[in-house]
Amino acid sequence: MPTATTASKSAAPKPAPAPNGDFYQLADLLTAEEKALVKKVRTYMETKVQPVINKYWADDAFPFELLPSFKELGLGGLGFEGYGCAGGSQKLFGFVAMELARTDASFCTFFGVHSGLAMGSIYLDGSEEQKQKWLPAMARWEKIGCFGLTEPLVGSGTSGGLTTTAKREGDTWILNGQKRWIGNAPWCDLSIIWARDLADNQVKGFIVENKSTPGFSVEKIEHKIALKVVQNGQITLKDVRVSEANRLQGGNSFRDTARVLRMTRYMVGWASTGIQMGAYEATLKYAQERLQFGKPIASFQLIQDLLAKMLGNLTACQCLMLRLAQLDDEGKLGDHHAALAKAFCTSKSRETVSWGREVLGGNGIVADYNVARFFADAEALYSYEGTYQMQNLIVGKAITGHGAFL
């Protein structure tokens, strides 16, 4: 018969498992070097960003003091080869974006706007001379960019309805119009502006130096409820003169713009998966520590059901995005592939974070517990880089052969 001491030892509760958002161990598919970089990014986000991000989120402010240390991670131009860019596979790019969003979607968006949209526009649509001139400094984060496509009255209709115009006079282009919801715009160094050429009605891209170009102004968008750390702006272009040398030489139609959007929709899929990862892990940790009726709420059936559903959504999105990364690295990624991933992952993200908020009860609406931030930020990802409905129509056209946009 066991002694009282032996019985008490055997009855000691087992330590709770550490929250782990990589349930299918997908990180094992990375190389040793890739794993090291992803781990480095996670450590940075947990030690530098997490301690301060809730305050900045509440204040609608960006943590500029973190920029010097963030630059040292060497992530500028991740996924692009040459020109001082970080290089690496699209799979690595995706895992890094997921890690950034796991702590804060705004920080991930700041990274994606600069390194994906702005640098990507020059990388995909710029001339060799333009790549040599701009990309090395942008890869070092010495010049930070934004991407101006969306307008106050034009969102989904940008392919044929841009109201921002470009008129050529000799070797100069004159731009007039407005852009809205442009991340990084209130403070960055350069903007990629997409405008409709009055001569041929085609969409063309331009590199505009924000701080030294007459007629270029930005107003910060206030009172957002999502991605509050990202500084979004409304850009006004009034007779802005841009040299032909700063026109993206390969950006001559919306088809060229769409090449950039395909890549960034891919990134949003990873970011919305990262939000789910952060929300799931924060929710599980809370459930393990929160006591009700003398027991951790993690021991209750209804809570475990919600946690399992959160993990199911997260894992499904991770697996989908991993396959998308493989298609991208193989040169097989199409607009319809990226559209399906963006629609599915952002939709599931809204569902996942809502379950997390539910588990936290009243604490689920307080920023201090992190889940409220994920809950709000998921709303922005659901809409930006192309709405859920437009993504489904892109997929619909691919699978039926019939366009249903109008």
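Predicted model: local features only at pLDDT ≥ 70, side-chain atom pairs only at ≥ 80, totals over all residues.
Local features here need pLDDT of at least 70, side-chain atom pairs count only at pLDDT 80 or more, and totals for chains, interfaces and linings use all residues. Residues are numbered from 1 along each chain as its sequence is written, and side-chain values use heavy atoms, with hydrogens and water left out.

**View 1. Helix 2 and its kink at V49.** Helix 2 covers residues 32-59 (helices are DSSP runs of H or I, at least four residues, numbered from the N terminus). Its 28 residues should span 40 Å at 1.5 Å a residue, and the end C-alpha atoms sit 39 Å apart, so the two agree; the expected span takes one less than the number of residues. There's a kink of about 55° at V49, shortly before P51 (the angle between axes fitted to the seven residues ending there and the seven starting there). Just past the helix, D60 has a positive phi of about 55°.

**View 2. The buried residues of helix 2.** Among them are E34, Y44, V49 and W57 (buried is under 20% relative accessible area, 1.4 Å probe, protein chains only). The buried set packs against helices 3 (67-71), 4 (90-103), 5 (105-125) and 11 (371-383), with contact meaning heavy atoms within 4.5 Å.

**View 3. The second largest pocket.** A pocket is an open set of points on a 1 Å grid where a 1.4 Å probe fits, with protein on both sides within 12 Å along at least five of seven lines; lining residues have an atom within 4 Å of a point. This one holds about 380 Å³, the space filled by probe spheres set on the points. Of 15 lining residues, Q50, E281, A282, K285 and N370 lie nearest the centre. Helix 8 (254-289) is one of the helices giving at least two lining residues, and its 6 are the largest share.

Conventions
Buried < 20%, exposed > 50% of the residue type's maximum accessible area, 1.4 Å probe, protein only.
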